[in-house]
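Here is a short briefing for a first look at this structure.

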Amino acid sequence: MDIDFRQRFSLKRPFSHNSGEPKTLDIRALQRAYESDRGRIINSAAIRRLQQKTQVFALERNAAVRSRLTHSLEVQQTGRFIVQRIFDLLDEQQQDFGLSPMERVLETLVEMACLMHDVGNPPFGHFGEAAISDWFETELSILNADFAANYPALAQDICHFEGNAQAIRLMHSLLGLNLTYSQIAGILKYTRAGDIAKHEIPVDKSYLMKKVGYYASERQFVLQLWLQLGIAKDNRHPVSYIMEAADDISYCLADIEDAVEKGIISLPLLQQALTEEYQRQLAAHGLPNEHASLMVDAIRFAQNQSARININHTSQFFTFLRVKLIHPLVDHAATEFIANIDAVFAGNLNRALLEDGSVCHAIAATLKQVAIDKVFSHREVEKLELQGYRIISGLLQSYAPLLALTSEDFMALVSGASRKPIIAARLLHRLPQKHLATYKNAIKNGKNAELPEFYHRCRLIQDYISGMTDQFAQDEYRMMQALD
Ligand SMILES: Nc1nc2c(ncn2[C@H]2C[C@H](O)[C@@H](COP(=O)(O)OP(=O)(O)OP(=O)(O)O)O2)c(=O)[nH]1
Ligand SMILES: [Mg+2]
């Protein structure tokens, strides 16, 4: 294949008419466009809200423990590091692929994709996601049997709330940031629409489409994105592979470090768990014994270095463990990016860069498995998750009267033509104007005629609930239960 990355770096934006590309590559114009994206992203409320959203520990008061925002800053740094290693390797191998003038633009696209990759996550992380999906799964056919019967694919789309799909919707449809297609393509992590069933996924897209990556409401936008960037339908943008690797690399050790900070696991027990799990992962990956001492060596190195400096032992330990365990993963992600350049460029590499059965894969898998066994299953963590689940389900139940109305009655309320039923009217007043504006636009928009009013109303409620921070959701829940 002829690989020229310039096709993937474009000035085009969805809401701008004058979006013709210059005949020759204008690298300065690209830098200006992406710098403008950068400003829009960093200044957006969606990024600020990440500071009060769960990474692993819900409603955390200890500010030294990661929130989604501080996690995202770390992902941004890791992404930048991977890009720099990619260019080092290209130099060493005297390769180009049209990338040579692009270091700065690739770096900024990757950094911002990393910073925004989690903006669509609801309060309470995976448990918030599950609460929204489960609630709609149970209630939808009761609230609107006609919709459930006549639009089964759209009902499925509504019953699969996904942080990644919500991120696309938030940045494009709700905030209208008008980011370049190249920038937003960096967070299109999975390429399945919410109304496509699992059994419709082609075998060669099993990974790319394993989760919902965008909703039916954003289909026209995502189809345009593929068209404008010359990416085949259901494939990814190269930036998304780097963002994904940076996310995996960042959280696998960070979640464990936070658990130690919170006293959920002691350092000696952690070291033992890592050593044992690593042996299991080596065996599971069928890797030779020559790598067996890697984990023990890394732990010993981190212990010795932190003992030598002898200031803040625990945090030093993690700094040095990061050097030994995480830096190789960064190098490996860069190596894999180049080794699979055809598939990464086409966007059809059907796996994550780091999921290649290598020692690096085994290291990441070890860290993630130890987090599952020793951190996420801790009693305190599970308690907070149950509370988070309850808060989100309870909030949805409170707003159910808005979903029980007929289209005519709901639209009359929204337009101000009616102020009844009184409970629904009060609930409607609590919804943010900007979410309502997106709803009204969607109803007016002829392009979306295949999506009925009720679909947009469900999206409106999900937009509101998923956009809350942990703290706001808890306050709102208490208020709705008449506890405050
Ligand atoms: N508290 C808690 N945290 C979890 C659990 N499973 C995973 N996590 C944490 C690990 C990471 O810090 C973070 C991963 O966040 P995401 O929700 O973005 O998931 P990930 O990016 O792996 O999946 P994705 O492919 O984006 O759906 O969530 C769990 O069962 N409980
Ligand atoms: Mg994620």
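Predicted model: local features only at pLDDT ≥ 70, side-chain atom pairs only at ≥ 80, totals over all residues.

The chain has 22 helices and two strands. Its radius of gyration is 23 Å, close to the 23 Å that the globule rule gives for 484 residues, so the chain is as compact as a globular protein of that length.

**The chain**
- The C-alpha atoms fill a box of roughly 70 × 60 × 40 Å along the principal axes.
- Of the 484 residues, 44% count as buried.
- Take the contacts between residues at least 6 apart in sequence: 76% of them join residues at least 24 apart.

**Around ligand 1**
- Ligand 1 is surrounded by 16 residues. The closest are Gln55, Val56, Tyr251, Asp255 and Phe376.
- Two or more shell residues come from each of α5 (125-143), α8 (163-174), α11 (238-261) and α17 (379-404).
- The biggest giver is α11, with three residues.
- By type, the shell holds four nonpolar, six polar and six charged residues.
- Domain 1 (5-114 + 156-239) and domain 2 (246-378) each supply at least three residues to this shell.

**Helix α8**
- In α8, 10 of the 12 residues are buried, so the helix is largely enclosed by the rest of the structure.
- Among the buried residues of α8 are Gly163, Ile168, Arg169 and His172.
- The end C-alpha atoms of α8 are only 14 Å apart, whereas a straight helix would reach 16 Å at 1.5 Å a residue.

Note on methods: Residues numbered from 1 in each chain as written. Chains lettered and ligands numbered in written order. Near = placed C-beta within 6 Å. Helix = DSSP H or I, 4+ residues; strand = E, 2+ residues; numbered from the N terminus. Nonpolar A, V, L, I, M, F, W, Y, C, P; charged D, E, K, R; others polar. Domains from an automatic or database assignment. Expected span 1.5 Å × (residues − 1). Buried ≥ 20, exposed ≤ 12 C-beta atoms within 10 Å, placed from the backbone. Rg over C-alpha atoms; globule rule 2.2 N^0.38 Å. Contact = placed C-beta atoms within 7 Å.
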